[in-house]
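Subject: Structure handover

Hello,

Here is the structure I promised to pass on. Please open it and keep it beside this email as you read.

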Amino acid sequence: MTRVYMDNAATTKTDPQVLEAMQPYFEKIYGNPSSFHSYGREARNAITEARDLVAELIGADKDREVIFTSGGTEADNFAIKGVADALSDKGKHIITSSIEHHAVLHTCEYLEEKGFEVTYLPVDEEGMVDPADIKDAIREDTILITIMLANNEMGTIQPISEIGEIAKEAEITFHTDAVQAVGNIQVDVNQLNVDLLSLSGHKFYGPKGVGALYIRQGTKINKFLHGGAQERNRRATTENVPAIVGMGKAAELALEELEEKEEQVTKLRDELIAGIEERIDYVKLNGHRTKRLPNNVNFSIKYIEGESILMKLDLEGIAASSGSACTSGSLDPSHVLLAMGLSHGVAHGSLRLSLAKYNTKEDVEKVLEVLPKVVADLRAMSPIYNQEIKS
Ligand SMILES: Cc1ncc(COP(=O)(O)O)c(C=O)c1O
């Protein structure tokens, strides 16, 4: 059976060119970047090169604004706790949205336990934050605004540049979680007006376990890991050189390929959306129809449970998700879909298909052939469907 992987928002396949770039850093160039000798120097140079490539991808200053982390989660933790720690004398109020990734939400909840106050802004039915709500939520003691660039579950892209303007005017530090956006759409820290931006290697064909935090020069933020003087004294621990090199290569490829791949993936996304709406009744596209990630398709399919669709699709060789990877193991409906006003029942029947540059027209055709049958089979067994629709 040919398998179709459409869970690229959870993670992407590592690009073979990335793997090739990493290989020497396990075998030959294995020095510690902090060491004086040539082995160390070679590793150090590789990190500098990777930092430049990541900086270039997001329009950051090459020398000093990118700090490597262990992934998107650490970048979010670093940004939020680091600013809270550095500015707690100034104030203890943070503004975020109710649809953030748990890496942001749980960090904010942790800070609430430590005496910070957090405003969780609502979103509209398309999952959009209203910049006017940000303006209204700002207080004398607000020290940080953190709003994601694009949502991992339903792909809505937020008006970050506009929110950034508001933050700048109010002189409040502004962070965005761009983990799902980087590599999928153009991301430029200056155009977005952000002070801090999180990204993660494995979401754009790089390796897992590596990410970065962009820190605009002059941003007040405390260090995250205490120990050695690595990463300009902001994050101690011996650098994960092969992974950093891999992320650098992935950034280089993303910059080269972005325009072409964005168009290719958008076309597949739109075929999937149109095909599902044409072939299956009682479905609702979740998220904004146009201001959405090129690789994201998310539908609520009424009268069935998301988990049962996933199981049936898996048996047919199609890998999809019911929401974010972190919540799909639990039976709670997605906090994102609930925040958009969906009922528990409808939120339960959600299906996310997330594309990558490796997906083909044939993949889309297979999904459009299999999914309607799966839905019809499940609905045939659904008492509510039979009661409400068939009678
Ligand atoms: C929006 C968002 N933020 C943060 C993360 C966490 O990234 P990582 O897996 O690199 O820790 C993810 C991963 O799913 C994500 O989608």
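First, a definition: helices (H or I, at least four residues) and strands (E, at least two) are DSSP runs, numbered from the N terminus. This is a predicted model, where local features need pLDDT of at least 70, side-chain atom pairs count only at pLDDT 80 or more, and totals for chains, interfaces and linings use all residues. Residues are numbered from 1 along each chain as its sequence is written, and side-chain values use heavy atoms, with hydrogens and water left out.

Start with helix 2.
Helix 2 covers residues 24-27, and P24 belongs to it. P24 is partly exposed because its relative accessibility is 25%. Here is the scale: buried means under 20% relative accessible area, exposed means over 50%, and partly exposed lies in between (1.4 Å probe, protein chains only). V245 is 221 residues away in sequence, yet the two C-alpha atoms are separated by 10.0 Å.

Now the whole chain.
The chain has 14 helices and 12 strands. Its radius of gyration is 22 Å, close to the 21 Å that the globule rule gives for 391 residues, so the chain is as compact as a globular protein of that length. That radius is taken over C-alpha atoms, and the globule rule is 2.2 Å times the number of residues to the power 0.38. Along the principal axes, the C-alpha atoms fill a box of roughly 75 × 55 × 30 Å. Of the 391 residues, 55% are buried.

Next, the salt bridges.
A salt bridge here is a side-chain nitrogen of Lys or Arg within 4 Å of a carboxyl oxygen of Asp or Glu. How many are there by this rule? The count is 15 salt bridges.

Look at R235 and E74. Their side chains form a salt bridge at 2.4 Å, N to O. R235 sits in the loop between helix 8 (230-233) and helix 9 (241-279), and E74 sits in helix 4 (residues 72-87), so the pair ties together parts that are 161 residues apart in sequence. Are these two residues buried or exposed? Both R235 and E74 are buried.

R139 and E117 make another salt bridge, at 3.2 Å from N to O. This pair also links distant parts of the chain, 22 residues apart. R139 is in the loop between helix 6 (131-137) and strand 5 (142-146), while E117 is in strand 4 (residues 117-121). R139 counts as partly exposed because its relative accessibility is 32%. E117 is partly exposed too, at 44%.

E271 and K267 show a local case. The closest N and O atoms of their salt bridge are 3.8 Å apart. Both residues lie in helix 9, and they are four residues apart, so about one helical turn separates them. E271 is partly exposed, with a relative accessible area of 25%. K267 is exposed, at 54% relative accessibility.

Some salt bridges join up. D15, E257 and K357 are linked in a network of them.

Then visit the region around helix 8.
G227 is in the loop between strand 8 (211-215) and helix 8. G227 is exposed, with 62% relative accessibility. G227 and T237 are 10 residues apart in sequence, and their C-alpha atoms are 6.9 Å apart in space. T237 lies in the loop between helix 8 and helix 9. T237 is partly exposed, at 36% relative accessibility. Its phi is near 120°, a positive value in a residue other than glycine. R232, in helix 8, is not a glycine either, and has a positive phi of about 50°. R232 is partly exposed, with a relative accessible area of 46%.

Last, the surface charge.
Which residues gather in a patch of negative charge on the surface? They are D124, E125, E126, D130, D136, E162, E165 and E169. Patches use residues with over 30% relative accessible area and no salt bridge, and like charges are joined within 9 Å. Asp and Glu count as negative. Each charge is placed at CG of Asp or CD of Glu. Helix 7 (residues 160-169) gives the largest share of this patch, three residues. E169 is in helix 7, and counts as exposed because its relative accessibility is 67%.

Best wishes

Methods:
Patch = residues over 30% accessible without salt bridge, like charges linked within 9 Å, V, L, I, M, F, W, Y side chains within 5 Å. Areas by Shrake-Rupley, 256 points an atom, 1.4 Å probe, with all protein chains shown as cover.
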